[in-house]
Amino acid sequence: MVERIVVIGADAAGMSAASQALRTAAGRGRELEIVAVDRGRWTSYSACGIPYWVAGDVDGPDALIARTAEEHRANGIDVRLGTVAESVDLAAGTVEVAGIDDDRRERLGFDQLVLAIGAVPVRPDLPGIEARGIFGVQTLDDGAAVIDYLGIRKPRTAVVVGAGYIGLEMAEALVRRGMHVTVVEQEPEPMTTLDPDLGKSVRMAMIGMGIDVRTETGVEAFEAGGDGHVRRLVTESGEVDADVVVLGIGVRPASELASAAGLPLGAGGGIRVDDRLRVRGTENVWAAGDCVETFDRVRGAYVHVPLGTHANKQGRVLGTNLGGGDATFPGIVGTAVSKICDLEIARTGLREVDADAAGLEYVAVTIESTTRSGYYPGAEPLTVKVLAERPGGRLLGAQIVGKEDAAKRIDVLAMALWNEMTVMDVAMTDLSYAPPFSPVWDPVQIAARKAADKLT
Ligand SMILES: Cc1cc2nc3c(=O)[nH]c(=O)nc-3n(C[C@H](O)[C@H](O)[C@H](O)COP(=O)(O)OP(=O)(O)OC[C@H]3O[C@@H](n4cnc5c(N)ncnc54)[C@H](O)[C@@H]3O)c2cc1C
């Protein structure tokens, strides 16, 4: 019997799962029929590229699409775009779908269901939020809507609410488009995924590129002109002109469809899945990507961390299982990297606030070093912060900010964290060295060594 799989959401998680399921099943001589629906116009796109598309660094949307609907169809997946899944009937094994721009309606039957419905940007419930020109950014359609608006309205002033990585990347893009950009953030420093001492370097970089940074500032309302388009923000510390607003205050799992179907959600609102990505308490429902909660190996708890790196890996694991194989997703350690202007920003594991909340005893060490040997042309400053558990020295977390070639060093520390290494181990691991690449002690090893010293 040919098994019928319905995939809702045709981006990173959904199409990785669908493609991998077909590959795995083919290797086992099994046949699958896969229907993938998405309310948007594109498949397998890189939302991560939206800020660079807005800035004009890359062409879009075609350059941001890893695999088009036609390519997926040629591989045997029945892709239906502009099609929204409105409800799921688990008992009947059906999904009710409808056309976005037409009156198509259909009830799709499934043997296995995949939820890869992503996340949605948080829209604060504030007066004026319904004004035109206030954008959250999550899908390629959202990116296209921002670009259309900039092209038509030609705004001179922009406000980004929230100074997380998406807010910062969008702020830089809007500066590059020639706008006067204000970033409003309620915390004392931007990038709250870092400790505030490193967040301060990010603030200085933002100011350096001409961004008006207003920290410890809450937004109270949005005001629109007579034409219904946003004109300004009202904040705790005054008004800010805004011809366009981008919301960067985070995303929440798009789990309404799942909860309406009676599927279990975690504390962060994400769908609860087991390590094979099957939805808990079900036999034939699977979920992956930004809509699920993921096990954090350092915290020992389920968290919602919406990143493309997890969505792609989870999609592959899910697809392997759907196709008759056996794979597990081992969890995350909280590694992320981004940049604003020429400042690279990276983190993994716990911040001080996380370690405090977990009741851990730890030492924290911050060092300044350079990306190459100090005497070698192009050496740039970088800062590395490391947290290690007291007394044993287990690495708990790390953060890096610095110029070119700084940030990807976090991967060394993420690998150490993954393998529960101590800072003593990290300091003595056989890492490479030559003057064009690092000082003789790589900065991550200097930080680990200093943390080890502090422990003794
Ligand atoms: C600006 C930006 C920059 C980013 N940069 C990075 C980065 O540098 N590194 C990184 O790791 N991650 C980054 N991310 C995050 C990354 O893009 C997401 O984690 C990833 O796209 C999640 O993939 P997904 O398939 O789970 O969900 P999504 O990409 O959100 O896809 C979900 C799909 O489901 C569809 N859908 C939802 N509900 C329905 C429904 N009811 N019916 C039909 N279709 C539906 C949506 O239209 C959407 O296409 C960035 C995100 C943004 C917005």
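This is a predicted model: local features need pLDDT of at least 70, side-chain atom pairs count only at pLDDT 80 or more; totals for chains, interfaces and linings use all residues.
Where is the closest cysteine sulfur to that of Cys48? It belongs to Cys291, at 16 Å, which is too far for a bond. Cys291, in turn, counts as buried, because its relative accessibility is 0%, and buried means under 20%.

A disulfide is a covalent bond between the sulfur atoms of two cysteines. The cut-off applied here is a sulfur pair within 2.5 Å. The sulfur of Cys291 has its closest cysteine sulfur in Cys48, and at 16 Å the two are therefore too far apart for a bond. The structure accordingly holds zero disulfides.

I now turn to the sheet. Five strands make up an open sheet with parallel pairing, and their order is β3-β2-β1-β7-β18. Which strands lie at the edges? They are β3, residues 77–80, and β18, residues 285–287, each of which pairs on one side only. On average, neighbouring strands of this sheet are turned by 20° against each other, direction ignored.

Strand β2, residues 32–37, runs parallel to β3 and is joined to it by four bridges. Within this region, Val37 stands opposite Arg80 in β3.

Finally, the helices. Helix α1, residues 12–27, lies across β1, β2 and β3, and runs at about 170° to β2. Helix α8, residues 308–322, lies across β1, β7 and β18, and its direction is at about 160° to β18.

Thank you for your attention.

Notes
Residues are numbered from 1 along each chain as its sequence is written. Side-chain values use heavy atoms; hydrogens and water are left out. Buried means under 20% relative accessible area, exposed over 50%, partly exposed in between (1.4 Å probe, protein chains only). Two strands pair if DSSP finds at least two bridges between them. Helices (H or I, at least four residues) and strands (E, at least two) are DSSP runs, numbered from the N terminus. Axes are lines fitted to C-alpha atoms, for helices over the stretch in contact, and angles run from 0 to 180 degrees between N-to-C directions. Contact means heavy atoms within 4.5 Å.
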